[in-house]
Amino acid sequence: MTINYNKAEFIRSAVRPEAFIRDGRPQVTFAGRSNVGKSSVINRLLNRKNFARVGAAPGKTIHINYFKIDGAFYLVDLPGYGYAKVAKGEKERWAKLIDGYFRSGRNIGLVFQLVDIRHKPSQDDLQMIDFLIENEFPFVLILTKKDKLTKTQLAERLEALQTEIPCADPVSYTHLTLPTNREV
């Protein structure tokens with residue numbers, strides 16, 4: 001099946017569970033801490049610079065954003081967890097929104113769980129990975145910000161991740177190269 005990634009459109013930002021899209025189309029979800037690069041990965045996948053809003057400061061994505069791709073499925077950009085310069089109440093609202101999203105019975109086909117390779121995974125990262133495993137959500141771990149490391153630092157971090165993330169499989173630590181023909 002060939003997907004036309006140029007046929008991507010922003011559909012809505014959900015601030016409450018009533019606004020979650022429930023039309024049966026598969027949803028590919030991007031999760032991770034604030035400022036880990038979720039929106040940047042979406043932009044890279046779609047080969048667009050500013051499709052998903054990217055902020056210099058953590059906490060730019062404050063709602064659940066839905067992007068319909070070729071009428072076939074959604075890319076879903078979740079608010080980040082962890083560090084962001086926002087009030088504690090706002091962080092709690094984000095946590096409830098994310099939890100509601102995962103527990104509301106939609107067609108989540110895949111979760112891309114993003115982790116900043118430069119640092120040991122946070123407790124929030126590990127808790128999210130455990131949640132995905134326990135609830136049997138299919139997920140792929142994406143390591144971001146590798147361009148900020150030297151080759152030696154990258155090798156050290158990849159080795160350390162094998163013990164830092166209980167489900168880590170060294171075979172999966174290959175460089176993500178997006179297909180040029182956009183076939184799925």
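This section walks through the fold, the sheet, the aromatic pairs and a few individual residues of a predicted model.

Start with the overall picture. Of the 184 residues, 43% count as buried. The exposed surface comes to about 10400 Å², with carbon and sulfur atoms supplying 51% of that area. As for contacts between residues at least 6 apart in sequence, 72% of them join residues at least 24 apart.

The six strands make up an open sheet with mixed pairing, and the order across it is S1-S3-S4-S2-S5-S6. Strand S1 (8-14) and S6 sit at the edges; each has a single partner strand, so one side of each goes without a neighbour in the sheet. On average, neighbouring strands here are turned by 25° against each other, ignoring direction.

Within that order, S5 has S2 on one side and S6 on the other. Strand S5 covers residues 108-116 and runs parallel to S6, with six bridges joining the two. The pairing of S2 with S5 is also in the parallel sense, over six bridges. Phe30 stands opposite Phe112 in S5, Val111 has Phe139 of S6 as its bridge partner, and Leu114 stands opposite Ile142 in S6. To get from S5 to S6 the chain passes through H3, and this β-α-β crossover is right-handed. Helix H3 itself (residues 123-134) lies across strand S2 (27-32), S5 and S6, and runs at about 160° to S5. Strand S5 is mostly covered, with seven of its nine residues buried.

Next come the aromatic rings. Searching the whole structure turns up nine aromatic pairs. One of them is Phe20 with Tyr101, an edge-to-face pair with 5.9 Å centre to centre and 85° between the planes. These two come from distant parts of the chain: Phe20 belongs to the loop between S1 and S2, Tyr101 to helix H2 (residues 88-103), and 81 residues separate them. Both partners are well under the 20% relative accessible area that marks a residue as buried: Phe20 counts as buried at 3% relative accessibility, and Tyr101 does so at 0%. Another pair is Phe102 with Phe131, where the ring centres are 5.6 Å apart and the planes stand at 70°, so this one is edge-to-face too. Phe102 lies in helix H2 and Phe131 in helix H3, so the pair ties together parts that are 29 residues apart in sequence. Phe102 and Phe131 are both buried. Ring pairs bring Phe20, Tyr101, Phe102, Phe131 and Phe137 together in a cluster.

Glu9 is partly exposed, with a relative accessible area of 43%. Setting aside neighbours within four places in sequence, Glu9 is in contact with Phe51, Tyr66, Phe67 and Lys68. Three of these contact residues, Tyr66, Phe67 and Lys68, fall within strand S3 (64-69). Glu9 and Gly71 are 62 residues apart in sequence, yet their C-alpha atoms are 9.1 Å apart in space.

Finally, two backbone angles deserve a look. Most residues other than glycine have a negative phi. Asn47 is not a glycine, but has a positive phi of about 55°. This residue, Asn47, lies in the loop between helix H1 (38-46) and strand S3 (64-69), and is exposed with a relative accessible area of 59%. Lys145 is another non-glycine residue with a positive phi, near 70° in this case. The loop that holds Lys145 runs between strand S6 (139-144) and helix H4 (151-164).

Definitions and conventions: Residues are numbered from 1 along each chain as its sequence is written. This is a predicted model: local features need pLDDT of at least 70, side-chain atom pairs count only at pLDDT 80 or more; totals for chains, interfaces and linings use all residues. Side-chain values use heavy atoms; hydrogens and water are left out. Helices (H or I, at least four residues) and strands (E, at least two) are DSSP runs, numbered from the N terminus. Buried means under 20% relative accessible area, exposed over 50%, partly exposed in between (1.4 Å probe, protein chains only). Two strands pair if DSSP finds at least two bridges between them. Axes are lines fitted to C-alpha atoms, for helices over the stretch in contact, and angles run from 0 to 180 degrees between N-to-C directions. Contact means heavy atoms within 4.5 Å. Rings of Phe, Tyr and Trp (its six-membered ring) pair if their centres lie within 6.5 Å; planes under 30 degrees apart count as stacked, over 60 as edge-to-face and the rest as tilted. Accessible areas come from the Shrake-Rupley method with a 1.4 Å probe; for residues, only the protein chains shown count as cover. A crossover is right-handed if, with the strands pointing away from the viewer, the path from the first strand over the helix to the second runs clockwise.
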